[in-house]
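Me: I have a protein structure to read and I am new to this. Can you take me through it, feature by feature?

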Amino acid sequence: MGSTSAIANLSVIHDMSTTNLQTTRSRYSGPPHPDIDRAWDDLFRLQNIRVTGEEFDFNQRTSVELLEGGGYMAWLGIFHELHCVVSSPSEMKILRQWKYKEHYFKDNSEGENRLLESHTDHCLDRIRSSLMCHPDVSSLVTFYWGPDAPQPVVNATKTMHSCVNWDGLMESTRYRALPSQELKELKNPLLQ
């Protein structure tokens, strides 16, 4: 295991890329739409992974033991942050859905909405913490004078970033992915 990787054999390759944030809309943004929801859901395909006891010892953690195939259930930390932005279909939806709560939570009670507000606060703080722990120091945000702006305006065009190759990272965890059937069969022994 590398000193910055929680588990062994992760492919963490950085690519430089340029995105024009003023004119480019990612497949993850926009009002509720089945294609956008599907794009977000696809990010979670390999969320639940199997890790070894040795890896848990290294991370000083414990988790649910997996009886079929051995090991323990875990997420890479990035999935907690992604969960806070938008969760997989089987979980409570968080920030993205809260932004569009009239669409996603139209039937919620006041109590359910209070619980979600509390969860969004937790998620915002989790994302803040993660951003501060892993700041993007590969790019600069610049400014320009807008014709009608009394103050400098953020120039969000062609910002260069060093980004982890997501597909490569996910491919390196594929062999650890937990089959959905195995997840369904997990039962809390404290309730038996």
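Predicted model: local features only at pLDDT ≥ 70, side-chain atom pairs only at ≥ 80, totals over all residues.

Me: Is C163 buried, partly exposed or exposed?

Reply: First, the cut-offs. Buried means under 20% relative accessible area, exposed means over 50%, and partly exposed is in between (1.4 Å probe, protein chains only). C163 has 32% relative accessibility, so C163 is partly exposed. C123 is at 0%, so C123 counts as buried.

Me: What about charged side chains?

Reply: Side chains of opposite charge can pair when their charged atoms come close. A salt bridge is a side-chain nitrogen of Lys or Arg within 4 Å of a carboxyl oxygen of Asp or Glu. A search of the whole structure finds seven.

Me: Which residue forms a salt bridge with E182?

Reply: R50 does, with the closest N and O atoms 2.8 Å apart. E182 lies in helix α8 (residues 180-185) and R50 in strand β2 (residues 49-51), so the pair ties together parts that are 132 residues apart in sequence. Helices (H or I, at least four residues) and strands (E, at least two) are DSSP runs, numbered from the N terminus. Both E182 and R50 are buried.

Me: Where do E110 and R114 lie?

Reply: Both are in helix α6 (residues 110-133), four residues apart, about one turn of the helix. E110 is exposed at 65% relative accessibility, and R114 is exposed at 54%.

Me: What separates R128 and D125?

Reply: About one helical turn, because R128 and D125 are three residues apart in helix α6. Their side chains meet in a salt bridge (2.8 Å, N to O). R128 is partly exposed at 39%, and D125 is partly exposed at 42%.

Me: Which residues form a nonpolar patch on the surface?

Reply: V141, F143 and V154, with about 290 Å² of accessible area together. Patches are made of residues with over 30% relative accessible area and no salt bridge; like charges are joined within 9 Å, nonpolar side chains (Val, Leu, Ile, Met, Phe, Trp, Tyr) within 5 Å. Accessible areas come from the Shrake-Rupley method with a 1.4 Å probe; for residues, only the protein chains shown count as cover. V154 sits in strand β5 (residues 153-155) and is partly exposed at 42% relative accessibility.

Conventions
Residues numbered from 1 in each chain as written. Heavy atoms only, no water.
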